[in-house]
Amino acid sequence: MPTFFVRCMLFVSSYFPLALIICFLFVGQQLILALVTVGVGLIGVIGTYVYCFGNVAKMEPIQVKLTGQQEKDGDVMGYIASYIVPFVTFPLNGWQQIATLLVFIGVLGIIYINSNSMIRINPMLSVARFHLYNITVENDPDTYSLFTRRRIKRGETCLLYTSDAADDLTRV
């Protein structure tokens, strides 16, 4: 499992679209709040990028044959709906509405950071055109998470880059 800091960066980056929406809503009224919100979101996106791609050059690829795969791209839509629906249902024109939204995001953050499965659901990876899969490989009973920019098929041989820090997050 990634470190606490990495899980926090993955969470913050997963809400970057919401940070942009909040920024656009508040840029005319509360510029500092708008800039802080988008700044925190950018820190999360940059942290996620460094985590996902910063160590790839140092890693040795392993060649594996895929024995099973299940596409998980659809899980991202449920995650996006979890913050769009509450966001759309009330105006953000008072401190109470902003506090309510912050409590909601805080609760989701705790769930996200403490959950292994939520870490794999990040809409910013979808924006970067990554596809998410659960895979099994030949001669290994474990299931792994894979994010890749290409479609994969059962029986295919792939080069995977794995990270001990990610434990079960791999990339083609």
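Which residues on the other side of α5 are exposed? Trp95, Val103, Ile110 and Asn114 are exposed there, where exposed means over 50% relative accessible area, buried under 20% and partly exposed in between, with a 1.4 Å probe and protein chains only.

**View 1. The whole protein, a predicted model with helices and strands.** The model is predicted, and its local features need pLDDT of at least 70, side-chain atom pairs count only at pLDDT 80 or more, and totals for chains, interfaces and linings use all residues. Residues are numbered from 1 along each chain as its sequence is written, and side-chain values use heavy atoms, with hydrogens and water left out. The protein has 7 helices and 5 strands, which are DSSP runs numbered from the N terminus (helices H or I, at least four residues; strands E, at least two). From the N terminus on, their order is α-α-α-β-α-α-α-α-β-β-β-β. Of the 172 residues in the protein, 42% are buried.

**View 2. Helix α5, residues 95-114.** This helix has 20 residues and spans 28 Å from its first C-alpha to its last, close to the 28 Å expected at 1.5 Å a residue; the expected span is 1.5 Å times one less than the number of residues. Leu101, Ile105, Leu108, Gly109, Tyr112 and Ile113 are buried in α5. Seen down the axis of α5, these buried residues fall within an arc of 125°, so they line one face of the helix, the arc being that of the directions from the helix axis to the C-beta atoms.

**View 3. Helix α3, residues 31-53.** With 23 residues, α3 reaches 32 Å from its first C-alpha to its last, close to the 33 Å expected at 1.5 Å a residue. Its buried residues include Ala34, Thr37, Val38 and Gly41, and also Tyr51 and Cys52.

**View 4. Asp142 in the loop between β2 and β3.** The loop that holds Asp142 lies between β2 (131-137) and β3 (143-148). Asp142 counts as partly exposed because its relative accessibility is 43%. When neighbours within four places in sequence are left aside, Asp142 is in contact with Ile135 and Thr136, contact meaning heavy atoms within 4.5 Å.
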